[in-house]
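Look at the model below.

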Amino acid sequence: MSKEILNKVGKYYSDKISVHGATPKGVDWNGEQSQVLRFKQLLRVCDNNDSYSLLDFGCGYGALLDYLIEDADSRIDYSGFDISAEMISAAKIKFNNKFDFFTELNPELKFDFIVASGIFNVRQETPDAEWEKYILDTLELMNKHSVKGFSFNVLTSYSDKEFMHDYLYYASPEKLFSYCKTQFSKQVALLHDYQLYEFTILVKK
């Protein structure tokens, strides 16, 4: 995986939280309502599981954990991973070090499920081919560290042209669905019906 891309992504989000703090804008989302809607889609990969370990891949300041504490079962064993040290520091402070947050992923760690929200959107000046490789490399990593499945979202190539931005990446839903279906599992779902300019893919093993 490209260290240059990781460094650029880390700096981008570290700068965001430095300016906006532990808020949706601090992780480059428009607001809490859309953020919660994304969480609901991503967590569908965990349906029918009463107790499980979960890795929040690209956890930011821990917004997903806030949602889980309010609306989900307490038997979820939550961990958060982010490449931005500033994000992890904010998360540890927010939750009084009661949960496991880290900036490096131990090669031996396994989780029942892994979810990733928004980590593939902001490519900045990275060319399409390099960013696409970064996405596939990251999916391979998520697959390696998950036991029962994983989920992720990406901005959709079906977005209205007038609202698209050059520094963001808009993926082909069909292409990523096919990749996950052929590389990871026969049980793959593509969610593209929840009123945002994005889609979510669920991979169940």
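Predicted model: local features only at pLDDT ≥ 70, side-chain atom pairs only at ≥ 80, totals over all residues.

Of the 205 residues in the protein chain, 49% are buried.

Next, the fold. The protein chain has six helices and seven strands. Along the sequence, they follow the pattern α-α-β-α-β-α-β-β-α-β-α-β-β. How do contacts link up the chain? Take the contacts between residues at least 6 apart in sequence: 66% of them join residues at least 24 apart.

Now the backbone. Most residues other than glycine have a negative phi. Which residues have a positive value here? Asparagine 97 is one of them, with phi near 60 degrees. Glutamine 124 also has a positive phi, near 60 degrees.

Find both in the model. Asparagine 97 sits in the loop that runs between helix H4 (85-94) and strand E3 (100-102). Glutamine 124 lies in the loop between strand E4 (111-116) and helix H5 (128-145).

| Residue | Phi | Relative accessible area |
|---|---|---|
| Asparagine 97 | Asparagine 97: near 60 degrees | Asparagine 97: 58% |
| Glutamine 124 | Glutamine 124: near 60 degrees | Glutamine 124: 23% |

Are these side by side with the solvent in mind: exposed or partly exposed? Asparagine 97 counts as exposed because its relative accessibility is 58%, and the cut-off for exposed is over 50%. Glutamine 124, at 23%, is partly exposed.

Methods. Residues numbered from 1 in each chain as written. Heavy atoms only, no water. Helix = DSSP H or I, 4+ residues; strand = E, 2+ residues; numbered from the N terminus. Buried < 20%, exposed > 50% of the residue type's maximum accessible area, 1.4 Å probe, protein only. Contact = heavy atoms within 4.5 Å.
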